[in-house]
Amino acid sequence: MTTAAILDAARAYVQRGFGLTPVAYGQKNPILKDYLKRALTTEEELVEHFAGAARNVGVVLGAASGGLADVDLDCAEALAVARS
């Protein structure tokens with residue numbers, strides 16, 4: 001994915017109301033240590049952190065993204081509960 005496409009993806013997430021954080025390419029941990037208190041949402045922040053850099057776009061869960069939550073359904077019991 002090109003850096004322009006990464007920036008476009010970041011913009012699309014922000015338009016959906018999500019707060020973002022940059023994640024090093026190939027990693028899972030956020031680059032910014034204070035990412036829970038400083039979710040990126042402005043065009044200036046997106047350009048600063050996602051333009052010209054090979055980075056993943058991390059979505060900050062919880063209040064920073066309108067209460068968004070992530071649930072792992074990686075076992076049979078979890079799938080059974082999710083279906084009910």
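Me: How many salt bridges does the structure hold?

Reply: The structure holds 2 salt bridges. This is a predicted model, in which local features need pLDDT of at least 70 and side-chain atom pairs count only at pLDDT 80 or more, while totals for chains, interfaces and linings use all residues. Residues are numbered from 1 along each chain as its sequence is written, and side-chain values use heavy atoms, with hydrogens and water left out.

Me: What makes the contact of Asp8 with Arg11 a salt bridge?

Reply: The term requires a side-chain nitrogen of Lys or Arg within 4 Å of a carboxyl oxygen of Asp or Glu. For Asp8 and Arg11 the closest N and O atoms are 3.3 Å apart, so the pair is a salt bridge. The two residues are 3 residues apart in helix α1, and are therefore separated by about one helical turn.

Me: Why is Asp8 called partly exposed?

Reply: Buried means under 20% relative accessible area, exposed means over 50%, and partly exposed lies in between (1.4 Å probe, protein chains only). Asp8 has 46% relative accessibility, so Asp8 counts as partly exposed. Arg11, with a relative accessible area of 29%, is partly exposed as well.

Me: Which residue meets Arg11 in a salt bridge with an N to O distance of 2.5 Å?

Reply: The side chain of Glu43 meets that of Arg11 at 2.5 Å, N to O. This pair links distant parts of the chain, with Arg11 in helix α1 and Glu43 in helix α2, 32 residues apart. Glu43 counts as partly exposed because its relative accessibility is 37%. Salt bridges that share partners join Asp8, Arg11 and Glu43 into one network.

Me: How do you know which residues of α1 and α2 meet?

Reply: Contact means heavy atoms within 4.5 Å. In α1, Thr3, Ile6, Leu7, Ala10, Arg11 and Val14 meet Glu43, Leu46, Val47 and Phe50 of α2. By class, this contact has 7 nonpolar, 1 polar and 2 charged residues; Ala, Val, Leu, Ile, Met, Phe, Trp, Tyr, Cys and Pro count as nonpolar, Asp, Glu, Lys and Arg as charged, and the others, Gly among them, as polar.

Me: At roughly what angle do the axes of α1 and α2 cross?

Reply: The axes of helix α1 (residues 3-15) and helix α2 (residues 43-50) come within 10 Å and cross at roughly 145 degrees. Axes are lines fitted to C-alpha atoms, for helices over the stretch in contact, and angles run from 0 to 180 degrees between N-to-C directions.

Me: Why is Pro22 called buried?

Reply: Pro22 counts as buried because its relative accessibility is 0%. Pro22 is found in strand β1, where 5 of the 6 residues are buried. Not counting residues up to four places away in sequence, Pro22 touches Pro30, Ile31, Leu32, Leu40, His49, Phe50, Arg55 and Asn56.

How values were computed
Helices (H or I, at least four residues) and strands (E, at least two) are DSSP runs, numbered from the N terminus.
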